[in-house]
Every structure is written in C-alpha cells, then in structure tokens.
Amino acid sequence: MQNRGCLERFAPMFTGIIETIGIVSDIELKTSSNKSFWIKSNLSSELKVDQSVSHNGVCLTIEEIKDDRHRVTAIAETLKKTTIKNWKAGEKINLERSLLFNSRVDGHFVQGHVDTVAKCVTIENKNGSTEYEFEVSKKFGGFIIEKGSIAVNGISLTAFDVTKRSFRVAIIPYTYEHTNMHCVKKKDEVNLEFDMLGKYILRKLSLIK
C-alpha cells in the first residue's frame, strides 16, 4: 500500500537497501482519517518536495521540508493496511530514496506498495547474526518462497524455513545496526511487500484457471 501521492505520476521503484534511519518527531491529525508525520533524519535536508521516499517500506510523498525534518501524510487506506497506524513520537523509521536507473540494484525491485503486515513470533541470536520468525495470514503464504526475496519494513531480505503461515529471515550485524530491525520485538508488527515478479506469476496462473 502506497500513499495517494505516489499514485498520481510514474511509480517510483526502490531496492530495499536502507539509506538511513529517521525519527518521528511530531504527528498531526490532518482530517478525521489522514495523519501527517514529521520525520527527522540526516537525509531530510537533501530531499525535495513531491519526491517519493520509502518509509518502512511504504512509498510516501514529501510535502514539506524544514531543516533536518520532512513531512509526509498517510491516507486512511495506508493507515489501515500498514504499521504506520502504530507510529508514535520517537519511532525509528527506515528511509530509502527511489532508485536511480544508472545505479546498481543491490537488493531487489521494491515498489513501496505494502501487501500486508506480519507479526514477529521469535527472535534468536545466532552467533553473529539475528534470526527473526514472522507469522503471516495463510492467504499470503503462496507469495513467499524458500530463498526468495521479501521486503520487511522496506528492507530487502531472503526468506527461509517457509511454511504456509510463517517464514524466517537472518539479519547481519550491519543491517541490524543501520535499520530499525534492532527495535523489532516479539509480537511487533512489520510491513511486508512480496516479490513483484512472484505476484505477477501468481496472478497469471489464477487467470488461467
């Protein structure tokens, strides 16, 4: 699920390689259904109004910039289907600017359209890496494959130990420190975006049937 602003023009693409972490500094209730968020980060001053940026895997449009802060708005549909509805002041947010087409793709193609949320059920330290197990609704199980790509809070990761209801990912120390994965605890929810190519294939197969 993306913000409405990202639907109004050519859709941006991301790679799932997080650039920096932002902090929610202020929350404004714009209408009875929309919320605006001020995000403080070392990236904010480099952004431009109307630019699309991934926030925890959700494509949101930059509306205003003040020094080291920028403002974005999430509409009701985005709040309903992502973890943005749970953001509080002080929350750490993964940030990634859209892909430049003269750049290497170090992760995988990510659209910033969150498909669903998943719940963290276990966290294990594995002598140098951290493994997370996430539980997802059974209806989405077919979108996740063993050793396939998946975006978790906007981070490009590889799924393994995949079942109809769960999957695991392993986080190296660098990713743990430089994304908000170190904030994820058991029972926390995260945003998921399934691999775009896999979604197209499943869609095609469903139409054939």
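The charged end of Arg 69 lies over the ring of Trp 38, at 4.6 Å from its centre; a charge counts as over a ring if NZ of Lys or CZ of Arg is within 6 Å of the ring centre and within 35 degrees of the ring normal. The model is a predicted one, in which local features need pLDDT of at least 70 and side-chain atom pairs count only at pLDDT 80 or more, while totals for chains, interfaces and linings use all residues. Residues are numbered from 1 along each chain as its sequence is written, and side-chain values use heavy atoms, with hydrogens and water left out.

Across the whole structure, 6 aromatic pairs are found, where rings of Phe, Tyr and Trp (its six-membered ring) pair if their centres lie within 6.5 Å, and planes under 30 degrees apart count as stacked, over 60 as edge-to-face and the rest as tilted. Two of these pairs are listed here.

| Pair | Centre to centre | Angle between planes | Class |
|---|---|---|---|
| Tyr 132 and Phe 134 | 6.1 Å | 5 degrees | stacked |
| Phe 134 and Phe 167 | 5.7 Å | 35 degrees | tilted |

Tyr 132, Phe 134 and Phe 167 form one aromatic cluster. Tyr 132 and Phe 134 are buried, as is Phe 167, buried being under 20% relative accessible area with a 1.4 Å probe and protein chains only.

Terms used. Buried < 20%, exposed > 50% of the residue type's maximum accessible area, 1.4 Å probe, protein only.
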